[in-house]
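Please look through the structure shown here.

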Amino acid sequence: MTNPWPTELRLSEDRKTLTISFDTAESYVFTAEFLRVTSPSAEVQGHSEQERKTVGGKRDVEIMKIEPVGNYAVRISFTDLHDTGYFSWDYFLKSGRDHEAIWDAYLQALEENGLSRD
């Protein structure tokens, strides 16, 4: 069995959402804010669970650029100049499938840390 493969990445005109479709007929829409605050970069995820950071104030962030990384990921540059971390196809699948739980955990972490989306 092969892993799902992306068939389309589409950045919205306002640069605030990215849609990714797979050959499994799955399609997910991600806001730039979601991608930025859940970035797989070490800056956000740290090198262990204890180092993970909750990033606030990214409600208005946009995607500036998307670049391929080999055949397994893309690198996304955001308007706040964050551009580290590779967004793999597995990241998009897991984040799409678990979007609600990931977003709810993020909102809870914001509250616990006294941060806001603005």
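Helices here are DSSP runs of H or I with at least four residues, strands are runs of E with at least two, and both are numbered from the N terminus. This is a predicted model, in which local features need pLDDT of at least 70 and side-chain atom pairs count only at pLDDT 80 or more, while totals for chains, interfaces and linings use all residues. Residues are numbered from 1 along each chain as its sequence is written, and side-chain values use heavy atoms, with hydrogens and water left out.

Which residues of α4 are buried? They are W103, Y106, A109 and L110, where buried means under 20% relative accessible area, exposed over 50% and partly exposed in between, for a 1.4 Å probe and protein chains only. Seen down the axis of α4, these buried residues fall within an arc of 120 degrees, so they line one face of the helix. The arc is taken from the directions from the helix axis to the C-beta atoms. E100, A101, E111 and E112 are exposed on the other side of α4. The cover over the buried residues of α4 includes α1 (32-37). After α4 comes G114, with a positive phi near 65 degrees.

α4 (99-112) also supplies at least two residues to the lining of the largest pocket, as do α2 (42-45) and α3 (89-97). A pocket is an open set of points on a 1 Å grid over the protein atoms alone, where a 1.4 Å probe fits, with protein on both sides within 12 Å along at least five of seven lines; lining residues have an atom within 4 Å of a point. The largest pocket is lined by 15 residues, and V37, T38, Q45, R52 and I102 lie nearest its centre. The lining comprises seven nonpolar, four polar and four charged residues.

S77, in strand β5 (residues 73-78), counts as buried at 5% relative accessibility. Residues touched by S77, beyond those up to four places away in sequence, include E62, I63 and H82, contact meaning heavy atoms within 4.5 Å. V61 lies in the loop between α2 and β4 (63-69) and is buried, with a relative accessible area of 6%. Leaving aside neighbours within four places in sequence, the contacts of V61 include K16, A32, R36 and F78.

Terms used. Nonpolar A, V, L, I, M, F, W, Y, C, P; charged D, E, K, R; others polar.
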